[in-house]
Amino acid sequence: MSRLAEFRALEQKLAAQLAELESLKNDGALKQEIEFEGKLRSLLGKYGYSLRDVISILDPNFRAESVTRPMKSVRKPREVKVFKNPHTGEVVETKGGNHRTLKEWKSEYGADTVNSWLF
(Lines give C-alpha, C1' and ligand atoms only; values in the text may rest on other atoms or scores of the structure.)
Protein backbone atom coordinates (compact mmCIF):
# COMPACT_ATOMS: atom_id res chain seq x y z
CA MET A 1 0.00 0.00 0.00
CA SER A 2 1.41 3.40 -0.91
CA ARG A 3 2.00 6.00 1.78
CA LEU A 4 -0.73 8.20 0.29
CA ALA A 5 -3.28 5.38 0.35
CA GLU A 6 -2.29 4.55 3.91
CA PHE A 7 -2.66 8.22 4.87
CA ARG A 8 -6.12 8.46 3.31
CA ALA A 9 -7.25 5.23 4.99
CA LEU A 10 -6.12 6.53 8.38
CA GLU A 11 -7.84 9.84 7.67
CA GLN A 12 -11.10 8.01 6.98
CA LYS A 13 -10.77 5.99 10.19
CA LEU A 14 -10.13 9.16 12.16
CA ALA A 15 -13.18 10.86 10.63
CA ALA A 16 -15.33 7.84 11.52
CA GLN A 17 -14.02 7.81 15.11
CA LEU A 18 -14.65 11.56 15.47
CA ALA A 19 -18.21 11.09 14.25
CA GLU A 20 -18.71 8.28 16.77
CA LEU A 21 -17.28 10.48 19.53
CA GLU A 22 -19.71 13.27 18.65
CA SER A 23 -22.65 10.87 18.75
CA LEU A 24 -21.51 9.63 22.17
CA LYS A 25 -21.26 13.21 23.46
CA ASN A 26 -24.95 13.68 22.65
CA ASP A 27 -25.99 10.36 24.22
CA GLY A 28 -28.22 10.95 27.24
CA ALA A 29 -27.33 7.68 28.94
CA LEU A 30 -23.60 8.49 28.74
CA LYS A 31 -24.20 11.96 30.20
CA GLN A 32 -26.13 10.36 33.05
CA GLU A 33 -23.31 7.88 33.74
CA ILE A 34 -20.71 10.67 33.74
CA GLU A 35 -22.83 12.71 36.14
CA PHE A 36 -23.28 9.68 38.42
CA GLU A 37 -19.55 8.94 38.46
CA GLY A 38 -18.75 12.54 39.34
CA LYS A 39 -21.26 12.61 42.19
CA LEU A 40 -20.07 9.21 43.47
CA ARG A 41 -16.42 10.26 43.48
CA SER A 42 -17.21 13.51 45.28
CA LEU A 43 -19.25 11.59 47.86
CA LEU A 44 -16.41 9.10 48.36
CA GLY A 45 -13.96 11.98 48.81
CA LYS A 46 -16.27 13.71 51.28
CA TYR A 47 -16.37 10.66 53.54
CA GLY A 48 -12.82 9.46 52.87
CA TYR A 49 -13.72 6.12 51.32
CA SER A 50 -12.23 4.41 48.29
CA LEU A 51 -14.01 2.27 45.73
CA ARG A 52 -12.48 -0.83 47.33
CA ASP A 53 -13.94 0.19 50.70
CA VAL A 54 -17.40 0.50 49.19
CA ILE A 55 -17.09 -2.87 47.44
CA SER A 56 -16.01 -4.54 50.67
CA ILE A 57 -19.00 -3.00 52.45
CA LEU A 58 -21.50 -4.03 49.79
CA ASP A 59 -20.02 -7.46 49.04
CA PRO A 60 -17.71 -8.78 51.79
CA ASN A 61 -17.14 -12.06 49.89
CA PHE A 62 -15.79 -10.30 46.80
CA ARG A 63 -12.21 -11.26 45.98
CA ALA A 64 -10.29 -8.32 44.54
CA GLU A 65 -7.39 -10.58 43.49
CA SER A 66 -9.53 -12.06 40.74
CA VAL A 67 -9.99 -8.62 39.22
CA THR A 68 -6.46 -7.30 39.60
CA ARG A 69 -4.59 -10.47 38.63
CA PRO A 70 -5.20 -11.76 35.12
CA MET A 71 -6.37 -15.34 34.97
CA LYS A 72 -4.05 -17.92 33.50
CA SER A 73 -5.30 -19.09 30.19
CA VAL A 74 -5.54 -22.82 29.83
CA ARG A 75 -4.09 -23.96 26.56
CA LYS A 76 -5.70 -26.93 24.92
CA PRO A 77 -3.37 -29.88 24.46
CA ARG A 78 -1.75 -30.27 21.08
CA GLU A 79 -3.25 -32.81 18.72
CA VAL A 80 -1.27 -35.87 17.77
CA LYS A 81 -0.32 -35.75 14.10
CA VAL A 82 0.39 -38.96 12.24
CA PHE A 83 2.64 -38.91 9.18
CA LYS A 84 3.21 -41.94 6.96
CA ASN A 85 6.11 -41.99 4.55
CA PRO A 86 4.79 -43.56 1.31
CA HIS A 87 8.32 -44.52 0.23
CA THR A 88 9.29 -46.52 3.31
CA GLY A 89 5.91 -47.10 4.99
CA GLU A 90 7.33 -45.70 8.23
CA VAL A 91 4.80 -43.97 10.53
CA VAL A 92 5.64 -41.06 12.84
CA GLU A 93 3.30 -39.80 15.54
CA THR A 94 4.13 -36.37 16.97
CA LYS A 95 2.49 -33.45 18.76
CA GLY A 96 4.98 -30.90 17.42
CA GLY A 97 7.30 -30.31 14.51
CA ASN A 98 10.49 -31.00 16.48
CA HIS A 99 10.60 -34.73 15.75
CA ARG A 100 13.99 -35.97 14.48
CA THR A 101 12.63 -38.32 11.79
CA LEU A 102 10.11 -35.70 10.65
CA LYS A 103 12.92 -33.16 10.28
CA GLU A 104 14.96 -35.61 8.24
CA TRP A 105 12.01 -36.27 5.94
CA LYS A 106 11.43 -32.54 5.50
CA SER A 107 15.05 -31.93 4.59
CA GLU A 108 15.00 -34.86 2.14
CA TYR A 109 11.56 -34.49 0.52
CA GLY A 110 10.58 -30.89 1.37
CA ALA A 111 8.15 -29.59 3.99
CA ASP A 112 5.13 -29.34 1.66
CA THR A 113 5.53 -32.93 0.53
CA VAL A 114 5.90 -34.24 4.08
CA ASN A 115 2.88 -32.21 5.24
CA SER A 116 0.83 -33.90 2.52
CA TRP A 117 1.55 -37.25 4.22
CA LEU A 118 -0.49 -36.20 7.25
CA PHE A 119 -3.40 -38.51 8.11
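The radius of gyration is taken over C-alpha atoms, and the globule rule used for comparison is 2.2 Å times the number of residues to the power 0.38.

**Figure 1. Overall dimensions of the predicted chain.** This is a predicted model in which local features need pLDDT of at least 70 and side-chain atom pairs count only at pLDDT 80 or more, whereas totals for chains, interfaces and linings use all residues. Residues are numbered from 1 along each chain as its sequence is written, and side-chain values use heavy atoms, with hydrogens and water left out. The radius of gyration of the chain is 29 Å, while a compact globule of 119 residues would have one near 14 Å. Along the principal axes, the C-alpha atoms fill a box of roughly 80 × 50 × 20 Å.

**Figure 2. Elements of the chain and their confidence.** Six helices and two strands are present; these are DSSP runs (helices: H or I, at least four residues; strands: E, at least two), numbered from the N terminus. Their order from the N terminus is α-α-α-α-β-β-α-α. The pLDDT, which is the predictor's confidence in each residue from 0 to 100, averages 89 over the chain, and 93% of the residues score at least 70.

Figure 3. T101 lies in helix α5 (residues 100-109). Why is T101 classed as buried? T101 is buried because its relative accessible area is 18%, and buried means under 20% (exposed is over 50%, partly exposed in between; 1.4 Å probe, protein chains only). Apart from its neighbours within four places in sequence, T101 is in contact (heavy atoms within 4.5 Å) with E90 and V92. In the chain as a whole, 8% of the 119 residues count as buried. Of the contacts with a separation of 6 or more, 22% are between residues 24 or more positions apart.

**Figure 4. L40 in helix α2, and its separation from H87.** Helix α2 (residues 28-47) contains L40. With a relative accessible area of 31%, L40 is partly exposed. From C-alpha to C-alpha, L40 and H87 are 75 Å apart in space, and they are 47 residues apart in sequence.

**Figure 5. S2, in the segment before helix α1.** S2 is placed in the segment before α1 (3-25). The relative accessible area of S2 is 44%, so this residue is partly exposed. How far apart in space are S2 and F62? The two residues are 53 Å apart, C-alpha to C-alpha, and 60 residues apart in sequence.
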